[in-house]
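The notes after it take you through the fold piece by piece.

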Amino acid sequence: HVWEGGDEDAKVIFSALAETGIDYIHVNAPPAPVPVFDAGKSLAQLAKEYSGLSIIGCGGLNDPAVAEDVLAAGQMDCVAYIQVQSFGH
């Protein structure tokens, strides 16, 4: 999501979420590994940095190599993936 306040809004939002006592944040920002705002970091990275929580990321991670890269880099802790199936409708 692109907030008007960019990185500063991300800091406020993710810090506030962490204070609620939740265990993780699921970030859906296609494509997930792409930097947002002027921070040079993905939304998942900002969520992890500002919340200190476990991060589940999805969006643009359908290539296993990309998913492995973001996990290895510590940008997120878990990758979610869905494959849309067409049933002829």
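Is Lys41 buried, partly exposed or exposed? Lys41 has a relative accessible area of 28%, so it is partly exposed; buried means under 20% relative accessible area, exposed over 50%, and partly exposed in between, using a 1.4 Å probe and protein chains only. Keep in mind that this is a predicted model, where local features need pLDDT of at least 70, side-chain atom pairs count only at pLDDT 80 or more, and totals for chains, interfaces and linings use all residues. Residues are numbered from 1 along each chain as its sequence is written, and side-chain values use heavy atoms, with hydrogens and water left out.

**The chain as a whole**

- The mean pLDDT of the chain is 88, and 94% of its residues reach 70 or more; pLDDT is the predictor's confidence in each residue, from 0 to 100.
- You'll find three helices and three strands here, and from the N terminus on they run α-β-α-β-α-β. Helices (H or I, at least four residues) and strands (E, at least two) are DSSP runs, numbered from the N terminus.
- The C-alpha trace spans about 45 × 30 × 30 Å along its principal axes.
- Of the 89 residues in the chain, 30% are buried.
- The chain exposes about 5,600 Å², and carbon and sulfur atoms supply 53% of that; accessible areas come from the Shrake-Rupley method with a 1.4 Å probe, and for residues only the protein chains shown count as cover.
- Take the contacts with a separation of 6 or more: residues 24 or more positions apart account for 57% of them. Contact means heavy atoms within 4.5 Å.

**The sheet**

- The three strands form an open sheet in the order β1-β2-β3, with parallel pairing. Two strands pair if DSSP finds at least two bridges between them.
- β1 and β3 are the edge strands, each pairing on one side only.
- Five bridges join β1 to β2; Ile25 has Ile55 in β2 as its bridge partner, and Asn28 has Cys58.
- Two bridges link β2 to strand β3 (residues 78–79). Here the bridge partner of Ile56 is Cys78, while Gly57 stands opposite Val79.
- To get from β2 to β3 the chain passes through α3, and this β-α-β crossover is right-handed. Right-handed means that, with the strands pointing away from the viewer, the path from the first strand over the helix to the second runs clockwise.
- Why is strand β2 (residues 54–58) largely enclosed by the rest of the structure? Because four of its five residues are buried.
- In a regular strand the side chains alternate between the two faces of the sheet.

**The core**

- The largest nonpolar core has 18 residues, and Phe14, Val27, Leu43, Ile55 and Met76 touch the most other members. A nonpolar core is a set of buried Ala, Val, Leu, Ile, Met, Phe, Trp, Tyr and Cys residues joined through side-chain atoms within 4.5 Å.
- α1, β1 (24–28) and α2 (43–51) each supply at least two residues of this core, with the largest share, five residues, coming from α2.
- Leaving aside neighbours within four places in sequence, Met76 is in contact with Ala32, Ala44, Ile55, Gly57, Leu61, Val70 and Leu71.

- Not counting residues up to four places away in sequence, Lys41 touches Val34, Pro35, Val36, Leu46 and Glu49.
- From Lys41 to Ser54 is 13 residues in sequence and 16 Å in space, C-alpha to C-alpha.
- Ser42 is found in the loop between β1 and α2, and at 0% relative accessibility Ser42 counts as buried.
- Ser42 touches Ala32, Pro33, Val34, Pro35, Val36 and Gln75, again setting aside residues up to four places away in sequence.
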